[in-house]
Amino acid sequence: WSSRGLGMPVQIPDDSDFSSFKDQCLSPDGWTSRYSKGGVTVWTRDQENQTVQKLKMRIVCKDVAAETLYDVLHDTSYRRKWDTNMIETYDIGRLTVNADVGYYSWKCPSPLKNRDFVTMRSWLPLGNDFLIINSSVKHPQHPPKKNFVRAVSLLTGYLIQSDGASCSTLYYLTQVDPRGSLPKWVVNRVSQFVGPKAMRKIYKASLKYPDWKRKHDPWVKPWMFPEQNMLQNISASDLTLQRVESLENIDESGVSEEKRQNSDKDPSST
Ligand SMILES: *[C@@H]1O[C@H](CO)[C@@H](O)[C@H](O)[C@H]1NC(C)=O
Ligand SMILES: *[C@@H]1O[C@H](CO)[C@@H](O)[C@H](O)[C@H]1NC(C)=O
């Protein structure tokens with residue numbers, strides 16, 4: 001490939017990537033259930049490579065159409081309203097009619113350092129299913145920032161399945177390399193508390209979205225109408241795969257759990 005040399009070229013997901021992602025969401029093989037309460041289920045999977053964490057979650061969304069969930073996951077303006085863990089998000093450029101690159105940073109439970117990502121996102125509506133797949137990429141103009149740990153998403157995505165006109169099921173699957181070793185309490189807290197809470201937050205945000213969207217550019221949905229996409233065009237050859245080895249390793253394995261902040265309170269402990 002190009003003169004940029006160092007680094008694996010980026011492949012934009014094709015139909016077979018979407019269908020294998022869907023299979024992973026729907027297949028129970030190899031997954032261990034860790035949590036199941038009030039319509040939310042969480043599974044984890046043991047990896048040979050200890051630093052990589054694989055997590056799958058599912059939530060049943062009564063009174064929310066699949067299309068609405070799909071819009072909520074795409075709508076950056078709306079995300080600023082409901083996603084209180086987010087610090088900043090912006091779009092970087094458009095790759096194709098159904099793929100782009102964006103930046104996202106989020107608050108980690110104290111005393112861990114905050115994380116940020118640059119990801120390629122691609123999406124595909126497929127009959128009753130809607131899919132979004134993200135993975136970390138390197139963009140020369142968006143290097144790791146000071147005060148953040150650049151996190152690596154090997155593969156993260158959403159599958160939304162329609163269960164009738166106003167009911168749907170959302171799957172979230174992630175294979176993240178959080179860089180360095182995370183202490184066990186973090187992993188447990190993600191599957192027992194942070195994860196289910198995040199799924200319920202998406203669900204709640206989706207219940208309110210139709211009303212919000214009616215008042216905020218109701219016809220603007222560039223993920224659905226590519227001609228509305230005003231992002232600058234970028235080429236996949238400007239990107240390389242973000243790999244963990246090229247990043248500074250952070251060891252937070254010795255960090256112990258601190259008293260939590262109000263916004264992140266575990267209801268079972270109050
Ligand atoms: C993946 O991309 C979707 C659509 O842009 C976004 O809503 C979601 O937050 C991203 N997830 C991650 C973990 O990057
Ligand atoms: C980006 O490329 C598409 C098609 O390749 C074109 O239709 C669109 O106008 C371009 N957008 C910009 C902002 O240049």
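Helices (H or I, at least four residues) and strands (E, at least two) are DSSP runs, numbered from the N terminus. On that basis the chain has 4 helices and 11 strands. Strand S6 gives the most residues to the shell around ligand 1, with 3. This is a predicted model: local features need pLDDT of at least 70, side-chain atom pairs count only at pLDDT 80 or more, and totals for chains, interfaces and linings use all residues. Residues are numbered from 1 along each chain as its sequence is written, while chains are lettered from A and ligands numbered from 1 in the order in which they are written.

**Confidence**

- pLDDT is the predictor's confidence in each residue, from 0 to 100.
- The chain averages a pLDDT of 86. A score of at least 70 is reached by 84% of the residues.
- Among the elements of the chain, helix H2 (residues 66-74) has the highest mean pLDDT, 97. Strand S11 (residues 240-241) has the lowest, 86.
- Residues 1-5 stay under 50 in pLDDT. The model has 3 contacts for them beyond four places in sequence. Two residues are in contact if their C-beta atoms, placed from the backbone, lie within 7 Å.
- Residues 260-270 also stay under 50, with 8 contacts beyond four places in sequence.

**Ligand 1**

- Which residues are around ligand 1? They are Leu 73, His 74, Tyr 104, Phe 117, Thr 119, Arg 121, Ile 132, Asn 134, Ser 153 and Thr 156. A residue is near a molecule if its C-beta atom, placed from the backbone, lies within 6 Å of it.
- Two or more residues of this shell come from each of H2, strand S6 (115-126), strand S7 (129-138) and strand S9 (152-162).
- By type, the shell divides into 4 nonpolar, 5 polar and 1 charged. Ala, Val, Leu, Ile, Met, Phe, Trp, Tyr, Cys and Pro count as nonpolar, Asp, Glu, Lys and Arg as charged, and the others, Gly among them, as polar.

**Packing of the chain**

- Buried residues make up 31% of the 270 residues. A residue is buried if 20 or more other C-beta atoms lie within 10 Å of its own, exposed if 12 or fewer, and partly exposed in between, with C-beta atoms placed from the backbone.
- Of the contacts with a separation of 6 or more, 65% join residues 24 or more positions apart.
- Met 57 lies in strand S3. Met 57 is buried because 23 other C-beta atoms lie within 10 Å.
- Beyond its neighbours within four places in sequence, Met 57 is in contact with Val 40, Thr 41, Val 42, Tyr 172, Gly 195 and Met 199.
- Met 57 and Ser 36 are 21 residues apart along the chain, and their C-alpha atoms are separated by 9.6 Å.

**Helix H4**

- Helix H4 (residues 184-215) has 32 residues. From first C-alpha to last, H4 reaches 44 Å, close to the 46 Å expected at 1.5 Å a residue. The expected span is 1.5 Å times one less than the number of residues.
- A kink of about 55° in H4 is centred on Val 190. The bend at a residue is the angle between axes fitted to the seven residues ending there and the seven starting there.
- The buried residues of H4 include Val 190, Phe 193, Gly 195, Met 199, Ile 202 and Tyr 209.
- An α-helix has 3.6 residues a turn, so residues three or four places apart point the same way.

**Loops**

- His 216 sits in the loop between H4 and S11. His 216 is partly exposed because 13 C-beta neighbours lie inside 10 Å. His 216 and Tyr 78 are 138 residues apart in sequence, yet 9.1 Å apart from C-alpha to C-alpha.
- Asp 217 is in the loop between H4 and S11. Its phi is positive, about 45°, although Asp 217 is not a glycine. Is Asp 217 buried or exposed? Asp 217 is exposed, because 11 other C-beta atoms lie within 10 Å.
- Asp 63 lies in the loop between strand S3 (53-62) and H2. Phi of Asp 63 is also positive, near 65°. With 11 other C-beta atoms within 10 Å, Asp 63 is exposed.
- Pro 109 is in the loop between strand S5 (99-106) and S6. Pro 109 counts as partly exposed, with 17 C-beta neighbours inside 10 Å. Pro 109 and Asn 85 are 24 residues apart along the chain, with 9.6 Å between their C-alpha atoms.
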